Amino acid sequence: MSAEHPTADAAATITPYEDGPLLVRGDFALVTPDGRSIDARRGTVALCRCGKSALKPFCDGTHKAINFRAGTDREA
């Protein structure tokens, strides 16, 4: 990956949205901790970060109702 285009060689990108989900785009596989496949159904998915979604591991918008707060920057 180059500094100018950090996602140029990536098969998938993961974008943390402020106070919201992780958006995963591209060629990826979702699996359970024991290795079973989770059907993503499409090339872009929103994964829950708040832990309250009824559709885990997918986001269902609950983060808005519970006022979930998380930044997008990596903590030092």
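This is a predicted model: local features need pLDDT of at least 70, side-chain atom pairs count only at pLDDT 80 or more; totals for chains, interfaces and linings use all residues.
## Overall layout

Of the chain's 76 residues, 22% count as buried. The accessible surface of the chain is about 5700 Å², and carbon and sulfur atoms account for 51% of that area. Among contacts between residues at least 6 apart in sequence, 24% join residues at least 24 apart.

## Cysteines

A search of the whole structure finds zero disulfides. A disulfide would need a pair of cysteine sulfur atoms within 2.5 Å. For Cys50, the closest cysteine sulfur belongs to Cys48 and lies 3.8 Å away, so the two are too far apart for a bond. For Cys59, the closest cysteine sulfur is also in Cys48, at 6.2 Å, which is again too far for a bond.

Cys50 counts as buried because its relative accessibility is 15%, under the 20% limit. Cys59 has a relative accessible area of 22% and is therefore partly exposed.

His63 is part of helix H1, which covers residues 62–65. With a relative accessible area of 11%, His63 is buried.

Leaving aside residues up to four places away in sequence, His63 touches Asp19, Gly20, Pro21, Cys50 and Phe68. One of these contacts, Cys50, is itself buried at 15% relative accessibility.

Note on methods. Residues are numbered from 1 along each chain as its sequence is written. Side-chain values use heavy atoms; hydrogens and water are left out. Helices (H or I, at least four residues) and strands (E, at least two) are DSSP runs, numbered from the N terminus. Buried means under 20% relative accessible area, exposed over 50%, partly exposed in between (1.4 Å probe, protein chains only). Contact means heavy atoms within 4.5 Å. Accessible areas come from the Shrake-Rupley method with a 1.4 Å probe; for residues, only the protein chains shown count as cover.
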